[in-house]
Amino acid sequence: MDTPQPILEAQDLRKSFGTLEVLQGINFSLLPQEMVFLIGPSGSGKSTLLRCFNRLEEPTGGKIIFDGVDLMSPDVNINTMRQQIGMVFQQFNLYPHLSVTKNITLALRKVSKKDSSEADEIAREMLKRVGLEEKANAHPDELSGGQQQRVAIARAMALEPKVMLFDEPTSALDPELVGSVLQVMQKLRDSGMTMVVVSHEMRFARDAADRVAFMSEGQIVEEGEPGAIFENPQQKRTQDFVSEISR
Amino acid sequence: MNTSETFSRWDLFTETFFNQRLIDEYSGAIAKGILITCEIAVLVVFTGIALGLLLAMLRSYRFLPINVFISCFVDILRSLPPLVLILLAYFGLPSIGFSMSGFLVLWLVLSLILAAFAEEIFWAGILSIRRGQWEAARSTGLGHTQTIVYVIIPQAIRMTVAPLTNRTIAITKNTALGTVIGVGEILNQASTAQSFSGNATPLMMGAIAYIVLFIPVVAIGRWIETRFAWRRI
Amino acid sequence: MEIFLDSFFNFQIMSEASPLLIRGLGTTALLCLVVIPLGLIGGLTVALMALSRSPWLRWGTIALIDFFRAVPPLVLLIFIYSGLPFADIELSPFTAVCVGFFLNNSAYYAEIYRAGIESVGVGQMEAARSTGLKKIQALVYVVLPQATRNVLPDLLSNTIEVVKLTSIASVVALQELLYSADMARSVTYNSSPIVMAAGIYLLILWPVVRMLSNLEHKVGK
Ligand SMILES: Nc1ncnc2c1ncn2[C@@H]1O[C@H](COP(=O)(O)OP(=O)(O)O)[C@@H](O)[C@H]1O
Ligand SMILES: [Mg+2]
């Protein structure tokens, strides 16, 4: 059996804001059905890397290959590509003027051009998966943070993406609400979703991740199995960071 | 001062400002003026706000030459007195081959002015929406225009309602400037009738027409302002 | 193109008209110097009346504010200038404009001050009174400075509108900037003097509008 093709790949990826070089040549690849945790100190470029993966941030150099397609090539329709790369944000970013169902169906109707009843059906199915069927007609401001984040996950899932990106999905939540979101992510993982997760939920990473990559100052310093990274880091910077967050 | 003199002064006052014969004679003209004022006002409100919204949306693409143009357009129309623009368009344009009726000039000028103010207000509203809303929408594959239409504008509208209402009312009242270029709106009908009759009654009728027309508008504006309480922090 | 330049940017005509326009500009400036302070003072007074504890005074004042906000300024001006003489009240154009502007501007400035004063929490007044300041002192030293700062962009914006509004004085033959320009236009059958007047308004107001725009976006953040 030959080695599986990566679904997402970054080659020598660079991003600068003015003179600040935030990503300094990232090489990263993600296999189908893999779950990778991205950890590292604040400001190390984790969010920027994630946002380059769907070109919310425009890279200043290097390549991103998604499912065999070069995302930087000028004749790529980035909007259809983005539908295959789901994203979940730290601040949920639900649309406050739309109901939960409409939040989920907007892109289905306007980009995938599904008719309302089909889109509503998909929304109902997704809400069932995140355990929020009864909130279909609620507005975001009637939900707790944890519920909002689960709706945001449902919104991304509804488009049947091939990869999902999570940027600190639980760090804006009260501690008692974190569990419900992690549970949904675990279920997603069990269903075989390919995921990149920026998060410092160490226990979850240990249980669920296939791989952990440690970033510092715009570079991936070290990567490996969760056990290896957390118990036996090789690099000084990784050691310092791991001992910092496990305290 | 004896009673009979008081009476005669009162009579003189009503004779001059509320002369029944003149009220009968000129109410038709004033009614026509009201109609024209309303026509222009409605046209200006629709074209002005639509154009302002369009410009604000265009501006969100952040395409430099277009943004410079929009900024200059807005600044110039906010800096110039409406009457200057009206005179310029009405008397100036014919000399380069564009003859427009007073009605058209008034509509055009007031619409452009309202568009400029509306653009500023909509743009401030668009800027007030957090970046996360753009990112969430774009990450699900919505394009720029779809994001603006379905996600950003519906949220921005809320904070634009109050300032936009006030500005719209203020600009709509400028329809009275049409009298200078012979548009037969209320003030024009009233002043014409006044100079014909040599009596202040038509002017009083015109003033009352404006008050009857605009007091409800101002009151609605006040209600909207409290309803959509929009305070700068 | 030549026709365009000749009709709108005829420098010969502009230079001939410039003494007239400069005199007009002087009148406009004088008018501003009178009506802006008058409006500010009138507006503040009316705002305080509109916030009075007596419901009669409060609602009466608000009705008056709305009344003058409903009447187009030009209608008010023409009424004062050519309607009042029928009641034996005859005013010079300058006085008529000042009276009309006073009534109109006070209503607009009053609304702004009122919003400003309401934006300052009651806690400020109470804190000031608790230190023994009289009501008027608390108002002058504590509430009004904060209120003014909170609505500075609106005050500035309204002041720009007042300066622009002075142009309607031309309709009652007050020889301010626009009147002079229009007179030059009707004599020369050429629009260049009006373009020149527009240029002067732009020169004065564009920087202020820019400043206001920056101020608004900064405060809005
Ligand atoms: N839009 C931006 N403009 C300028 N600098 C930015 C921008 N976004 C991020 N940065 C900078 O890039 C660096 C990395 O940011 P980020 O990717 O958010 O880090 P992390 O998610 O690891 O905390 C930080 O120094 C941050 O200040
Ligand atoms: Mg981050």
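Begin by selecting chain B and chain C together: their contact takes 49 residues from chain B and 53 residues from chain C. The model on display is predicted. With both chains shown as surfaces, the area buried between chain B and chain C comes to about 4,600 Å², and carbon and sulfur atoms give 67% of that area.

**Polar links between chains B and C**

Next, display the side chains across this contact. Between chain B and chain C the count is 4 salt bridges. One to select is the pair D75(B) and R210(C), whose side chains meet in a salt bridge at 2.5 Å, N to O. Residue pairs in polar contact between chain B and chain C, with both residues at pLDDT 80 or more, number 11.

Now hide chain C and colour chain B by element. On the side of chain B that touches chain C, two or more residues each come from helix 1 (3-17), helix 3 (64-79), helix 4 (82-92), helix 5 (102-128), helix 7 (144-173), helix 8 (186-197) and helix 9 (201-227) of chain B. Coloured by class, the residues of chain B that touch chain C divide into 31 nonpolar, 9 polar and 9 charged.

**Chain C by itself**

Chain C has 10 helices and 0 strands, and its elements, read from the N terminus, run α-α-α-α-α-α-α-α-α-α. The C-alpha trace of chain C spans about 70 × 50 × 25 Å along its principal axes.

**From chain B to chain A**

The area buried between chain B and chain A is about 1,700 Å², with 55% given by carbon and sulfur atoms. Within chain B, select S139(B), T140(B) and Y150(B), which lose the most area to chain A and together account for 31% of what that side buries.

Which residues form the salt bridge with closest N and O atoms 2.7 Å apart? Select E135(B) and R51(A), which form this salt bridge. The count between chain B and chain A is 1 salt bridge, alongside 9 residue pairs in polar contact, both residues at pLDDT 80 or more.

Finally, centre the view on ligand 1 and select the residues around it: F17(A), L20(A), V22(A), P41(A), S42(A), G43(A), S44(A), G45(A), K46(A), S47(A) and T48(A).

Ligand 1 taken alone exposes 560 Å², and the protein buries 62% of that. Strand 2 (20-30) and helix 1 (46-53) of chain A are the elements that give two or more residues to the shell around ligand 1. The largest share of this shell, 3 residues, comes from helix 1 of chain A. Coloured by class, the shell around ligand 1 shows 4 nonpolar, 6 polar and 1 charged residues.

Terms used. Residues numbered from 1 in each chain as written. Chains lettered and ligands numbered in written order. Heavy atoms only, no water. Contact = heavy atoms within 4.5 Å. Buried area = accessible area lost by both parts, 1.4 Å probe. Polar contact = N/O pair within 3.5 Å; in protein donor to acceptor, adjacent residues only side chain to side chain. Helix = DSSP H or I, 4+ residues; strand = E, 2+ residues; numbered from the N terminus. Nonpolar A, V, L, I, M, F, W, Y, C, P; charged D, E, K, R; others polar. Near = heavy atom within 4 Å. Areas by Shrake-Rupley, 256 points an atom, 1.4 Å probe, with all protein chains shown as cover.
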